[in-house]
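Please read the following report with the sequence and the model side by side, and look up each residue as it is named.

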Amino acid sequence: QLQLVESGGGLVQFGESLRLSCVASGHVKDDTAIGWVRQVPGKEREVVSCTGKNGGVTHYADSVKDRFTISRDIARNTVALQMNSLKPEDTGVYYCVATKRWYTVDCSMSPDWYEFWGQGTQVTVSS
C-alpha cells in the first residue's frame, strides 16, 4: 500500500507563491509515478503536473506551464510542487496522486491513471 500526505496549502494573493509538499509512505522508493491533481467545484479534475518514476520525466498542464515546477527527493520520498505567479484560477483542492505502474517511466495527465490519492490541501488565491 501507499499513503500520501499533502501540506503547504493556504491563502495567498495574486502573484504570490506557494510550495506544496507530498510525503509518501509505504513501498515507494523510486518506482512510483507521482502527480498533482487540482479539483475545482463544478469543473473536471485536472492533473497540473506529474513526474515519472525515477524523476526522469515531467509533464505540466498548459495552464501552469512556466509557473509551476514539480520536483522529487527520492531519498526522502517527497514530491514538491512550487507554484509561482499564482492566479485566482489556480484556486482549488490539490491532491497528491500516485501509481505503482511498473512498466513505464512516464506519467499521465489523466487523473484516472492514479490509484493512490492523498487527502488534499486547499489553495486559495485572492485577486
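## Glu 6 and its polar contacts

A polar atom of the Glu 6 side chain lies 2.7 Å from the backbone nitrogen of Cys 96, and the side chain of Glu 6 also reaches the backbone nitrogen of Gly 120 at 3.0 Å. Both are polar contacts, a term for a pair of N or O atoms within 3.5 Å, where within protein one atom must be able to donate a hydrogen and the other to accept it, and where residues adjacent in sequence count only if both atoms are side-chain atoms. This is a predicted model, in which local features need pLDDT of at least 70 and side-chain atom pairs count only at pLDDT 80 or more, while totals for chains, interfaces and linings use all residues. Residues are numbered from 1 along each chain as its sequence is written, and side-chain values use heavy atoms, with hydrogens and water left out.

Glu 6 lies in strand E1, residues 2–7; strands (E, at least two residues) are DSSP runs, numbered from the N terminus. Glu 6 is buried yet has no salt bridge, and the nearest side chain of opposite charge, Arg 45, is 12 Å away. Buried means under 20% relative accessible area, exposed over 50% and partly exposed in between, with a 1.4 Å probe and protein chains only. A salt bridge is a side-chain nitrogen of Lys or Arg within 4 Å of a carboxyl oxygen of Asp or Glu; for charge, Lys and Arg count as positive and Asp and Glu as negative, while His and the chain ends are not counted. Leaving aside neighbours within four places in sequence, Glu 6 is in contact (heavy atoms within 4.5 Å) with several residues, among them Cys 22, Trp 36, Cys 96 and Thr 121.

## Thr 121

Thr 121 lies in strand E11, residues 121–126, and it counts as buried because its relative accessibility is 11%. The side chain of Thr 121 reaches the backbone nitrogen of Gly 9 at 3.2 Å. Beyond four places in sequence, the contacts of Thr 121 include Glu 6, Leu 20 and Val 93.

## Strand E5 and its partners

Strand E5 covers residues 46–51, and five of its six residues are buried, so the strand is largely enclosed by the rest of the structure. E5 runs antiparallel to strand E4 (residues 33–39), to which five bridges join it, and two strands pair if DSSP finds at least two bridges between them. Arg 38 has Glu 46 in E5 as its bridge partner. The hairpin of E4 and E5 has six residues between the strands, and Gly 42 there takes a positive phi near 85°.

On to the next strand: three bridges join E5 to E6 (residues 58–60), and these two also run antiparallel. Their hairpin likewise has six residues between the strands, with Asn 54 in the turn at a positive phi of about 75°.

## Thr 51

Thr 51 belongs to strand E5 and stands opposite Thr 58 in E6. With a relative accessibility of 3%, Tyr 114 counts as buried, and Thr 51, at 2%, counts as buried too. The side chain of Thr 51 reaches the backbone oxygen of Val 57 at 3.3 Å. Thr 51 and Val 105 are 54 residues apart in sequence, and their C-alpha atoms are 8.9 Å apart in space.

Technical notes. Helix = DSSP H or I, 4+ residues; strand = E, 2+ residues; numbered from the N terminus.
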